[in-house]
Amino acid sequence: MEPSDTQKKARTFDFMAMFEQARQTAIERTQVNEVVTEETVKETTEKQKTSNDDSSDSSDSDSDSDSSSSSSDSEGSTDKLRQKLKGGNSDDDVIGPPLPPGFAQGGGEDSEMAGPSMSKRGESEEDDDDDDEEDEEEESLDKKIPSSHEVVLDHGGKTVSALALDPSGARLVTGGFDFDVRFWDFAGMDGSLQSFRNLRPCECHQIKSLSYSTTGDKILVVAGNAQAKVIDRDGFEVLECVKGDQYIVDMASTKGHTAMLNSGCWNPKIKEEFLTCSNDGTLRLWDCNQSKRHKGIIKPKCNSGRRTIPTTCTYSNDGIYIAAACQDGSIQLWDHRKHTFVNVALYNRSAHMNGSDTSCLCFSYDGTVLASRGGDDTLKLWDIRKFRDPLAVVKDLESVFPMTDCLFSPDDQMVVTGISVRKGQGSGKLIFFERNTLNRVTEMEISDSSVVRALWHPKLNQMVVGSGDGLVRVYYDPKKSHRGAMLCVVKQKRKARQVQVMASQTIITPYALPMFRQGKPTSTRKQEEKVRKDPMKSKRPDLPVSGPGTGGRVGAKGATLSQYVVQTLIKRKPDKYENDPRGAILRHAKEAEEHPYWVDPAYKKTQPNKVFQEPETEKKDDDTPHWKKQKIS
């Protein structure tokens with residue numbers, strides 16, 4: 001076979017001829033379908049006519065109406081049949097997801113006419129439903145409060161001044177005037193309700209504020225000292241802010257705060273940034289990665305341009321504004337997007353009484369309303385779009401502590417705050433107000449002491465309240481709340497573990513070498529007698545001293561050596577030569593001369609007669625030559 005015959009040739013295709021052939025085939029199929037549809041339509045019309053002729057006679061009016069209805073039905077059926085045979089739109093032929101409510105299926109003029117009417121009807125029905133829901137909400141604001149069940153956690157004997165729940169609601173952190181910070185794990189606790197960790201991060205300083213970061217892995221601890229601390233979830237220190245130089249006048253030149261801290265919080269958008277305010281008249285921004293110096297500084301000013309002390313601070317929920325309340329009664333806001341905080345974005349100089357400590361600032365969840373809890377026993381709402389006048393004011397809400405909280409409910413419909421009471425003059429309460437008008441919705445009696453701190457977690461839908469008696473109360477409703485305190489309440493208390501002691505087993509080796517041979521096991525009675533004889537193991541008290549004494553104890557003069565020395569000093573007779581050492585020596589001169597014992601017998605043979613050194617005579621100054629005399633200048 002030749003090599004040319006073995007080679008394969010590529011096939012060639014005429015695309016234009018193929019397209020023309022496909023077009024002719026499609027035309028033939030459509031013609032056949034049209035013929036079939038006309039024949040079927042004719043057959044159906046003939047069948048309907050025959051059925052109408054065979055119907056019973058009736059009155060003329062009835063017959064006319066029946067004929068018209070039958071003809072209209074026949075026409076409608078034929079139209080539907082044609083659409084079905086031609087492949088038109090029908091309920092069975094709809095492909096894809098269903099249309100939204102308010103729109104009719106199909107095409108053409110009917111759908112265009114039905115669409116707007118159905119949509120209007122749907123919108124009206126939705127509006128009616130929304131109105132009904134709003135009415136139900138307005139009527140049942142007090143029923144939304146999860147207060148049917150209560151769990152009490154014992155923090156200590158002093159006021160609970162700080163509370164924090166992590167974003168997931170798994171752990172609770174409490175701090176108080178007893179300098180302690182306690183960690184509570186709802187999933188790990190049982191019915192005994194004990195904290196799993198207790199520490200003192202700032203030694204002897206009261207805890208002012210605690211807050212979790214947005215990720216829940218760090219906790220900011222603000223105490224009564226000048227250095228804030230950041231710890232992790234387990235209580236181990238991550239960083240400590242540096243302390244500034246208190247002898248520098250310009251606070252912007254120092255690296256940190258120089259006076260007691262008042263408050264602090266995390267940035268809701270930047271997870272590594274947090275804010276603190278202090279009695280040195282500054283607010284400082286910090287970065288967890290740079291603990292040796294602050295990131296930024298804000299110096300609030302009073303109306304006269306002098307320094308004023310910020311008592312509390314917070315971020316807006318979107319992280320745009322930094323808000324601070326000062327001792328001159330003002331509330332000032334700065335724009336966080338600007339790198340320098342020289343100019344104030346919003347301010348109100350007369351928000352609260354001058355000289356009072358505003359204890360809390362809180363933004364609503366929609367970010368348009370700011371709530372302030374003043375030291376002048378008031379609660380005020382402010383619209384940041386119109387910051388000159390308050391939206392609503394509530395007076396006569398006593399506040400004794402400089403960290404009394406105010407907060408918004410998770411649905412932004414209520415404002416909550418606590419009131420303080422004097423000892424024996426009533427009970428502390430948690431009061432709920434309607435957000436727009438601050439009308440009182442309801443109130444809860446917490447305890448006989450003041451209500452200082454409060455939290456309402458949006459995920460758990462549970463409230464945590466810290467009071468002046470050192471107790472933390474968690475309120476929840478099994479029908480409305482989720483997890484949290486409900487996890488530990490159902491668990492039973494763990495039983496105390498019994499320690500099992502295993503008796504040491506002796507191994508008998510009769511043929512072992514003497515150095516490795518163990519003694520024979522003795523009975524328990526003999527072992528106890530042996531231990532009893534050992535004064536160290538039995539801790540036997542000292543026996544009475546017999547004889548002159550032993551072990552530093554003197555029998556005749558006392559139980560111990562120190563007692564003997566003291567008694568000897570007291571009973572010693574006074575010595576007249578005690579202050580005259582020369583007389584004490586010369587009193588033995590006569591006896592030494594009559595009965596020599598030490599010196600004279602040694603020199604009796606070699607030097608029987610005593611020879612004493614003659615005293616030297618002083619030389620006269622005139623005998624010295626003049627050139628040796630000292631010259632007087």
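This note sets out several points on a predicted model, for a reader who has the structure at hand.

1. The open sheet. Strands E2, E3, E4 and E5 form an open sheet in that order, and their pairing is antiparallel. Strand E2 (160-165) and strand E5 (197-199) are the edge strands, each of them pairing on one side only. From one strand to the next, the twist averages 15 degrees.

2. Strand E4 covers residues 181-185 and pairs with E5 in the antiparallel sense over three bridges.

3. The hairpin of E26 and E27. Strand E26 (residues 451-457) and strand E27 (residues 462-467) run antiparallel and are joined by six bridges. Alanine 454 has valine 465, in E27, as its bridge partner. Four residues lie between the strands of this hairpin, and asparagine 461 takes a positive phi near 55 degrees. Strand E26 is largely enclosed by the rest of the structure, because six of its seven residues are buried.

4. Positive phi values in two loops. Most residues other than glycine have a negative phi. Two further residues deserve attention on this account. Leucine 438 is not a glycine, yet its phi is positive, near 60 degrees. Leucine 438 is placed in the loop between strand E24 (428-434) and strand E25 (440-447), and it counts as buried at 6% relative accessibility. Arginine 483, also not a glycine, has a positive phi of about 50 degrees. The loop that holds arginine 483 runs between E28 and helix H5 (485-489). Is arginine 483 buried or exposed? With a relative accessible area of 55%, arginine 483 is exposed.

5. Cysteines without disulfides. How many disulfides does a search of the whole structure find? The search finds zero. A disulfide is a covalent bond between the sulfur atoms of two cysteines, and the cut-off applied to the pair of sulfur atoms is 2.5 Å. For cysteine 241, the closest cysteine sulfur belongs to cysteine 288 and lies 8.4 Å away, which is too far for a bond. Cysteine 313 is likewise in no disulfide; its nearest cysteine sulfur, in cysteine 277, is 3.8 Å away. Cysteine 241 is buried, with a relative accessible area of 2%. Cysteine 313 is buried too, with a value of 4%.

6. The model has 22 salt bridges. One of them joins the side chains of glutamate 150 and arginine 473, with an N to O distance of 3.3 Å. Glutamate 150 is in strand E1 (residues 149-154) and arginine 473 is in strand E28 (residues 471-476), so this pair ties together parts that are 323 residues apart in sequence. Glutamate 150 is partly exposed, at 43% relative accessibility, whereas arginine 473 is buried, at 8%. A network of salt bridges links Glu150, Asp469 and Arg473.

7. A salt bridge within a helix. Glutamate 529 and arginine 525 form a salt bridge in which the closest N and O atoms are 3.4 Å apart. Why are these two residues separated by about one helical turn? They are four residues apart in helix H6 (residues 524-533), and therefore about one helical turn lies between them. Glutamate 529 is partly exposed, at 37% relative accessibility, and arginine 525 is exposed, at 58%.

8. A salt bridge between a buried and an exposed residue. Aspartate 335 and arginine 337 form a salt bridge, their closest N and O atoms being 3.1 Å apart. The two partners may be contrasted in their accessibility. Aspartate 335 is buried, with a relative accessible area of 13%, while arginine 337 is exposed, at 59%.

9. A nonpolar surface patch. Which residues form a nonpolar patch on the surface? They are Phe13, Phe15, Met16, Met18 and Phe19, which together have about 620 Å² of accessible area. Phenylalanine 15 lies in helix H2 (residues 15-53) and counts as exposed, at 53% relative accessibility.

Note on methods
Residues are numbered from 1 along each chain as its sequence is written. This is a predicted model: local features need pLDDT of at least 70, side-chain atom pairs count only at pLDDT 80 or more; totals for chains, interfaces and linings use all residues. Side-chain values use heavy atoms; hydrogens and water are left out. Two strands pair if DSSP finds at least two bridges between them. Axes are lines fitted to C-alpha atoms, for helices over the stretch in contact, and angles run from 0 to 180 degrees between N-to-C directions. Buried means under 20% relative accessible area, exposed over 50%, partly exposed in between (1.4 Å probe, protein chains only). Patches are made of residues with over 30% relative accessible area and no salt bridge: like charges are joined within 9 Å, nonpolar side chains (Val, Leu, Ile, Met, Phe, Trp, Tyr) within 5 Å. Accessible areas come from the Shrake-Rupley method with a 1.4 Å probe; for residues, only the protein chains shown count as cover. A salt bridge is a side-chain nitrogen of Lys or Arg within 4 Å of a carboxyl oxygen of Asp or Glu.
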